[in-house]
Amino acid sequence: MRSLSQSAPRDPLPAALVGTLAALLGERFSTATAVREQHGRDESYHPSMPPDAVAFARSTEEVAAIVTACAAHKVPIIPFGTGTSLEGHIAALRGGVCIDVSAMNAILEVRPADMDVTVQAGVTRKQLNAHLRDTGLFFPIDPGADASLGGMTATRASGTNAVRYGTMRENVLALSVVTPEGRVVKIGGRARKSSAGYDLTRLFVGSEGTLGVITEVTLRLHGIPEKIVSAVCPFPSVRAAVDTVIATIQIGVPVARIEFLNARQILAVNAYSKLDYAAAPTLFFEFHGTPDHVAEQVRMVQDLAADQGAAGFRWAETPEERDRLWTARHNAFYASLATKAGGRGFSSDVCVPISRLTECIAQTEEDLARSALFTSIVGHVGDGNFHVIFIVDPENPAEIEEARRLNDRIVARALAMDGTCTGEHGVGHGKMDFLEDEHGEALDMMRKIKRALDPDDIMNPGKIVRL
């Protein structure tokens, strides 16, 4: 059984570094306990591990100056966006300086003719889409939380729209990155394809701050569909719901979103969001396109659902109705938390080939039925990704151990089905041990890349790979 990561003994920050950063940032450099605690905890069950100080940057140049100063003293650096990660990504395992880029929230240039945009790393996805509203364009990657686009890039986020629009991997065109020695490097470009050299952009998308600090992101945009229709439909069983998903994908229906919630999660959502959905395995759908195209998608999916014994589609066509529906889905995590006073969320995040999805979820449900913990299943099942949410008392080691035992089984099952231990949450320090089983010898190549780019191991140390 794996053990929880522990922070290493730490020395106080060098007085010279504190003086340098205080002179550079003034009141935007803080060693206050409350500020440090806020920057040492994400949305997960992992215990808080605060940094020694927090530096609030406003520009790429300031980030470069902060990194340069820290590198001179070999002090760890932990990038911070909005703190919504789920695998301990922002935990200061070895102390150091947290660089908060939330004030780097400028939308630098929108280029409608090219359907792309350049933003600072602290811009959030909701902020960007509000800015784009009158352009006829939108940014589709939607992980639920109003995360920063720099953080979404760093964790290779995806979410509910990924089945149609892809993940951050497919939608990041270029980056500005501050390297571990404090240099500013621009990688990638706005051309829609290139064969020029190594694909460094993809190397940094998903690097979780372990190779450098992302300060600017250029993103692909998409046209707002002419027609959008959402729906909710209960099913007689988990197998019936998931088999409908598989059939939808396999026959090529270009559905924008297909989300699964099991019966226990529906009950939690009903209580939290004051809804009255049937307490049954349920799919949430969304269809994008022209009116005729959407009508055809709807007809095909209704026929597939009927073949599995489903009935009672509930439709949402106005923006207000759709927002209410998807807000309820996005609040699933918080709905689960509300089932236990003081509880913390422990979320799995496996992804399997679509043909193995029914089997994987069915076997997982059998495991969960034998546990006393509150558990629920939600998933972006259109691309084979699902989450089990365990609600645990963070002060009860037995509950945490039980959640981890079940999660180990879920991951082992997914890997045996040619899946992955994390479809979108990332590795942080919570999933590092699983990478040995998933990547084998390739993990040594990752270590070599880390050592080559960050020889002093100051960039978010203790995450993804152990050196």
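**Helix contacts and buried residues**

Tutor: Asn-407, Asp-408, Val-411 and Leu-415 in α15 meet Phe-434, Asp-437 and Glu-438 in α16. Contact means heavy atoms within 4.5 Å. Helices (H or I, at least four residues) and strands (E, at least two) are DSSP runs, numbered from the N terminus.

Student: What classes of residue are in the contact of α15 with α16?

Tutor: That contact of α15 with α16 has 3 nonpolar, 1 polar and 3 charged residues. Ala, Val, Leu, Ile, Met, Phe, Trp, Tyr, Cys and Pro count as nonpolar, Asp, Glu, Lys and Arg as charged, and the others, Gly among them, as polar.

Student: Is this from an experiment or a prediction, and how are residues numbered?

Tutor: This is a predicted model, where local features need pLDDT of at least 70, side-chain atom pairs count only at pLDDT 80 or more, and totals for chains, interfaces and linings use all residues. Residues are numbered from 1 along each chain as its sequence is written, and side-chain values use heavy atoms, with hydrogens and water left out.

Student: Back to the pair. At what angle do the axes of α15 and α16 cross?

Tutor: At roughly 20°, and the axes of α15 (residues 397-416) and α16 (residues 432-439) come within 11 Å. That makes α15 roughly parallel to α16. Axes are lines fitted to C-alpha atoms, for helices over the stretch in contact, and angles run from 0 to 180 degrees between N-to-C directions. Angles under 35 degrees count as roughly parallel, over 145 as roughly antiparallel, 65 to 115 as roughly perpendicular and the rest as oblique.

Student: OK, new helix. How do α9 and α14 pack?

Tutor: They pack at an angle of about 155°, with their axes 9 Å apart. α9 and α14 are therefore roughly antiparallel to each other.

Student: Which residues make the contact?

Tutor: From α9, Val-238, Arg-239, Val-242, Asp-243 and Ile-246 take part, and from α14, Leu-357, Thr-358, Ile-361, Ala-362 and Glu-365. By class, the contact of α9 with α14 divides into 6 nonpolar, 1 polar and 3 charged residues.

Student: Which residues of α9 are buried?

Tutor: Val-238, Ala-240, Ala-241, Val-242, Thr-244, Val-245, Ile-246 and Thr-248. Buried means under 20% relative accessible area, exposed over 50%, partly exposed in between (1.4 Å probe, protein chains only). The buried residues of α9 pack against β13 (257-261), β14 (282-289), α11 (291-307) and α14 (357-369).

Student: And what follows α9?

Tutor: Gly-252, with a positive phi near 85°.

Student: What about α10, which residues are buried there?

Tutor: In α10 (residues 263-273), Gln-265, Ile-266, Ala-268, Val-269 and Asn-270 are buried. Their cover includes β13, β14, α12 (319-330), α13, β18 (374-380) and β19.

Student: You mentioned α13. Is Ser-336 buried or exposed?

Tutor: Ser-336 lies in helix α13 (residues 332-337). Ser-336 has a relative accessible area of 0%, so it is buried. Not counting residues up to four places away in sequence, Ser-336 touches Gln-265, Ala-268, Phe-374, Ser-376, Ile-389 and Ile-391.

Student: Last one. Where is Phe-390?

Tutor: Phe-390 is in strand β19 (residues 385-392). Phe-390 counts as buried, at 0% relative accessibility.

Student: What is Phe-390 in contact with?

Tutor: Leaving aside neighbours within four places in sequence, the contacts of Phe-390 include Phe-346, Leu-368, Phe-374 and Asn-407. Asn-407 is also one of the α15 residues that meet α16.
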